[in-house]
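Please keep the sequence and the structure in view while reading.

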Amino acid sequence: MKALKRKYDFFSHIYVEEGVKNHPLTKNILKKKDSHLIYIDHYKDVFCRKGQNIASQKLSPSLIIAKKEGKLIYEGAPVCQSFGNEYFYYTSLIMNCVYDCEYCYLKGMYPSGNIVIFVNIEDIFAQIDNILKLHPVYISVSYDCDLLACESLTGFVEKWCLFASERKDLTVEIRTKSAVDVRGKFKVTDNIIFAFTLSPNTLYAREHNTPSPLSRIKAASFALEEGFNIRLCFDPLIYFEGFKEEYEALSYSVEENIGFKNIKDISLGTFRISADYMKGLRKAEPYSATVQYPFENKGGVYSYPKAKEEYMLKTVKDILLKYIGEDKIYLWESGYE
Amino acid sequence: MVFIFTALYAEAEEIIKNYALKKLRNMTKFTLYGNEDICLCVTGSGVMRASVGVSAVLAKFSSPEDKVINIGCAGGNKEGVYLCNKIKDNIFKRTYYPDMPPKHSFKESELITEKNVWKGDKEDPCLHDMEASAVYEAASFFVSPEKIMFLKIVSDSNGENVTKEDIRLLFKNNFPLVQDAISLFLKKEEENFNFTDTSKIEEALKCTVTMKERLKRIARYLDIKGSSIYDYLPKELECKSKKEGMKILESLEEKI
Ligand code: SF4
C-alpha cells in the first residue's frame, strides 16, 4: 500500500470578505493567526473557482472568513439520521474540515479543500428563534465540518451551549471526531448532545490528522462527566479485514472508559455517498483503497453490496447489543428491497 | 514542466542564461527557450499578447501536471520582489486568486493589470502590470489555480521611462529571488501509481463496457491494497461468452 503519512500546514493565507472585516469574530480570528491576509468581495470568488486541486488544498488549506447569506438552516437530507425527531434541521457555520478522512464526502461535495468560517452566527440564532415559534427544533450544527475541532478559533460551541440553555424546545447535536476536553469550557445543558464518531484502529489510519480512538473515547467520557448528553456514532462503517475483532475491541474500550449505560444513544451506518459526490471524492483520493472500493450505485447512492452491508450492520449491532438495549441503537440502512 | 511567461526578452535573459535554456525554433509563432524542466516564452507586452502566447504554448505542449509562472516588472510604491496573491483586471473588471504556496520567503502583494502603463498614484498600495490577469485567465484553462504563480519585480513608481538595460540589470540583481520562485515550482511531485492494465482480462472475459468499468475498479482497489487482481482470478480465464465472464466477475466481487 502507498505510504499514507500526510503533513499539514494550516491557514498560511486568510481571505476575508470586505463586508465582515470588522465583525468581532473576524478580528478575533485574525488576532490569533499570523497569516497573509487577502480581502475579497465574496467567499465564492475563492471557494468556487474552477479546477481547484482539493487533495493539495486539504494539506495546506487557506481560511476564508465570510458572511452566510440566504438560507441559513436546512431540512435534514435523506442520507442523514434524524434520531426520531420530526423537525430535523442542520446548518453549516463552517464549510470543510480540519480533519482529512479519506472517505469524507465533502471532498466530492465542495469545489474546494479550503475552509470557510461564517462569522454571523447571530443570524442563524435569529432564524432558529423564528422556527421555534412554530414548533420544537432538533438541529445538527456540525455536519459539513467539525465544529468542536475549530473551537479555539471560533468559539461557536460555547455560543451554541449558551443559546440552547435558554431554549428548552431546541436540541442541538454537535458531531465531532475531536478529542477536545469540554470540562469547564461550556454552559452545561441537557439539550446539547455531543456526538463522538468512533473508529477502530484500521479505520482511524484512514482518518488523517484526527485524534486517536482512545483519546476520542476519553473526551466523550469527560463530556459525560461534565453533564452533557453523549451520542456515539459508529458511522460510517467501512469494511476491512479483522472488522469484527476491531469493533469488539473498540466496544470493550467504550464500556471500560465510558460505560454504555451512560450513553444517550448510538448511531450506526455503513458508508454511503451520493453518486455525484463520489466522482469528486475518487478524484481527490486516487490511492485510497477505502474510496476506490467497487461500491454499488443504488438509485444514485453508492454503498456496499447488500450482503456486505447486512453483514457489517449485523456484526456491529450484535456486538453492541451485549452492552446496550436495541431501543438505543439507530440504524441507517440503504433501503435495499 | 514549468512554463515561464515574460513580456520582454530583458525580463527573460537571466533565466535563459542561468538555466541554459536553448532556443526552440518553429514550435509556435512565439520564440521558445527550453531545457528538460523549463519552457520559457516571451509573449510581448499587454493582455492580448500575453493571452495569445499562453494559450498557444499551453494548448500545444502542456499537461495538467505542469506549472505556470508569469515573471515580470511592475509599477508600484514599494520596492522589491513580490508573489501576487490577488490579480485584479482593470480592463474587464474581474479578480483572480491563484492558490498561494503555503511556505515561501517572499513578500506578497495585490496586483492590478492595466491596459496602459500605470502612471502612478502615491496612495496606491498595489502593484500594476499589463499581463498577469490574461496569463491567469488563459492558464486556468489548462492547469489548476495552485499551479499558477505571479512573480513581480518593482521597476518604477510612476510609469517613468524604464530602459531595457534598466530591466536587464534589475533582473540580474534579483536573480537569486527569481530562482527561488522557480524552485518552488520545480520540486518534483510524487510519481504516479501504476495501475494494472486490465485489457487482457477484459478480452478473456468478453467484457461489455459496464463490465470493463467494474473490472477496472476492482483491479484499482486491489492495486492500492497492495495485492493483485490476478490473485483472485481463476488460472483459466478464457470465456466462451460474456455470461461466463460475468460469472467470474461476480465471484471476484464477492471475494474482495
Ligand atoms: S471528521 Fe467528518 S467532516 Fe471531517 S474530514 Fe472526517 S468525515 Fe469529513
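In which helix of chain B is Ile201(B) found? Ile201(B) is found in helix 6 of chain B, residues 199-204. Helices here are DSSP runs of H or I with at least four residues, strands are runs of E with at least two, and both are numbered from the N terminus.

The model is predicted, with local features needing pLDDT of at least 70 and side-chain atom pairs counted only at pLDDT 80 or more, while totals for chains, interfaces and linings use all residues. Residues are numbered from 1 along each chain as its sequence is written, chains are lettered from A and ligands numbered from 1 in the order in which they are written, and side-chain values use heavy atoms, with hydrogens and water left out.

**Helix 6 of chain B**

Ile201(B) has a relative accessible area of 0% and is therefore buried. Buried means under 20% relative accessible area, exposed means over 50%, and partly exposed lies in between (1.4 Å probe, protein chains only). Apart from neighbours within four places in sequence, Ile201(B) is in contact with Leu215(B), Ile229(B), Tyr230(B), Leu233(B) and Leu237(B); contact means heavy atoms within 4.5 Å. Between Ile201(B) and Asp37(B) there are 164 residues in sequence and 37 Å in space, C-alpha to C-alpha.

Ala204(B) also lies in helix 6 of chain B. With a relative accessible area of 5%, Ala204(B) is buried. Its contacts, leaving aside neighbours within four places in sequence, are Leu237(B), Glu238(B) and Cys239(B). The C-alpha atoms of Ala204(B) and Glu236(B) are separated by 9.4 Å, although these residues are 32 residues apart along the chain.

**Two packed helix pairs**

The table gives the packing of one helix pair in each chain. Axes are lines fitted to C-alpha atoms, for helices over the stretch in contact, and angles run from 0 to 180 degrees between N-to-C directions.

| Helix pair | Angle | Distance between axes |
|---|---|---|
| Helix 2 (residues 47-61) and helix 3 (residues 132-139) of chain B | about 30 degrees | 8 Å |
| Helix 10 and helix 13 of chain A | about 30 degrees | 10 Å |

Helix 10 of chain A is therefore roughly parallel to helix 13 of chain A. Helix 2 and helix 3 of chain B are likewise roughly parallel to each other. Angles under 35 degrees count as roughly parallel, over 145 as roughly antiparallel, 65 to 115 as roughly perpendicular and the rest as oblique.

In chain B, helix 2 passes helix 3 in a right-handed crossing. A crossing is right-handed if the near helix is turned clockwise from the far one by less than a right angle, and left-handed if anticlockwise. The residues of helix 2 of chain B that meet helix 3 of chain B include Val47(B), Ala50(B) and Leu58(B), and among their partners in helix 3 are Ala134(B), Val135(B) and Ala138(B). By class, this contact of helix 2 with helix 3 of chain B has eight nonpolar, three polar and no charged residues. Ala, Val, Leu, Ile, Met, Phe, Trp, Tyr, Cys and Pro count as nonpolar, Asp, Glu, Lys and Arg as charged, and the others, Gly among them, as polar. Helix 3 of chain B is largely enclosed by the rest of the structure, because seven of its eight residues are buried.

In chain A, the crossing of helix 10 and helix 13 is right-handed. Among the residues that meet there are Phe243(A) and Tyr247(A) in helix 10 of chain A, and Met312(A) and Ile319(A) in helix 13 of chain A. The contact of helix 10 with helix 13 of chain A divides into seven nonpolar, two polar and two charged residues.

**Aromatic rings**

Over all chains, the whole structure holds 32 aromatic pairs. Phe260(A) and Tyr323(A) form a stacked pair, at 4.9 Å centre to centre and 20 degrees between the planes. Rings of Phe, Tyr and Trp (its six-membered ring) pair if their centres lie within 6.5 Å; planes under 30 degrees apart count as stacked, over 60 as edge-to-face and the rest as tilted. Phe260(A), at 0% relative accessibility, counts as buried, whereas Tyr323(A), at 27%, counts as partly exposed.

**Backbone features**

Most residues other than glycine have a negative phi, and most peptide bonds are trans. A cis peptide bond, with omega about 5 degrees, joins Asp235(A) and Pro236(A). Asn96(A) has a positive phi near 85 degrees, and at 3% relative accessibility it counts as buried.
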